[in-house]
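The model is shown below.

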Amino acid sequence: MSELSLSATIPTNQSNSVPLLGLGVWKSRPKECYEAVKSALEFGYRHIDTAAIYGNEADVGVAIRDSGIHRNDIFLVTKLWNADQGYDEAQKAIDVSLKKLGTDYVDMYLIHFPVSGKRKDSWKALEKIKKDGKAKSIGVSNFMVSHLEELLKETDIVPAMNQVEFHPFLQDTELKNYCSTKGILLEAYSPLAHGQKLEDERVTRLAKKYNKSNAQILIRWSLQAGNVVIPKSKNPIRIKENADVFDFQLSREDMEEISSWNENFRTCWDPTTVE
Ligand SMILES: NC(=O)c1ccc[n+]([C@@H]2O[C@H](COP(=O)([O-])OP(=O)(O)OC[C@H]3O[C@@H](n4cnc5c(N)ncnc54)[C@H](OP(=O)(O)O)[C@@H]3O)[C@@H](O)[C@H]2O)c1
């Protein structure tokens, strides 16, 4: 991994590299999403995380084009929605996403959730999508260790990434270690615990200590823990703030303290019970 910075990237196991910090756009309504992506790109973000189900792929695409930044310089992620899982369905879904995004490839295409009875065929479709050049890399999201074990028995292409909920209050270290041993990047979604733990008094104490905001402490912890991180904001001031995390470093003691805060606090859907 290169030194932490907004332009720092980490190589995937599939020949491209992903910027360590990206912008998430879940729940950003179309116009907000356009402004958020445009601002993020102006501030130096080069990684945007959307999904078919977010309903804002078209706005992401227009913002990227309007930014004037070369498409090759932006790492664009979208995801295969549950209703579109299956071999034929997934191949249709990527074409719909690409059309909305206004691009002929994404940098990473993820299976959004490990849907029972569908996920194996979906992965075969993603392999084809990669072979056809419609996705530079392919990966998964919300896959637990059991789902990854099952997938790795079936495939020669190891997922480049597993995007899962991960923050100080939800740390699945078994999953993180498993991904690490298999060369799968762990991407932390909801790194701010979906905004639900920003007022935690321990976070506030550290924010005061480092003279940074509570959100910046959570984002910095995740980066220093070796994750790829995609905080969401629709607000240009907060988008800038969330990227202003490279002028300080959490001490080893503070990293350890935050790493002890796990309470299995899940803010999003729970894949642990999916067969
Ligand atoms: N694969 C999956 O199943 C999955 C699931 C969930 C999320 N994700 C991805 O991960 C991204 C991030 O996760 P998330 O959206 O759930 O939550 P998050 O990034 O943990 O938190 C977002 C919330 O925090 C607020 N916020 C952002 N920056 C802030 C700051 N500096 N100060 C105070 N509040 C701040 C946002 O409000 P404002 O917008 O008003 O600033 C929003 O309410 C998503 O957008 C999506 O791309 C993926």
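## Arginine 119 and its surroundings

The backbone oxygen of E275 is reached by the side chain of R119 at 2.5 Å, where a polar contact is a pair of N or O atoms within 3.5 Å, one able to donate a hydrogen and the other to accept it, and residues adjacent in sequence count only if both atoms are side-chain atoms. The model is predicted: local features need pLDDT of at least 70, side-chain atom pairs count only at pLDDT 80 or more, and totals for chains, interfaces and linings use all residues. Residues are numbered from 1 along each chain as its sequence is written, and side-chain values use heavy atoms, with hydrogens and water left out.

R119 belongs to helix α4 (residues 119-131); helices are DSSP runs (H or I) of at least four residues, numbered from the N terminus. Leaving aside neighbours within four places in sequence, R119 is in contact with residues including Q85, F143, H147, E150 and E275, contact meaning heavy atoms within 4.5 Å.

K99 is placed in helix α3 (residues 87-101). Its C-alpha atom is separated by 8.2 Å from that of A58, 41 residues apart along the chain. The table sets out accessibility, with buried under 20% relative accessible area, exposed over 50% and partly exposed in between (1.4 Å probe, protein chains only).

| Residue | Relative accessible area | Class |
|---|---|---|
| R119 | 7% | buried |
| K99 | 73% | exposed |

Elsewhere, R202, R205, L206, K209 and Y210 in α7 meet D254, E257 and I258 in α10.

Note on methods: Helices (H or I, at least four residues) and strands (E, at least two) are DSSP runs, numbered from the N terminus.
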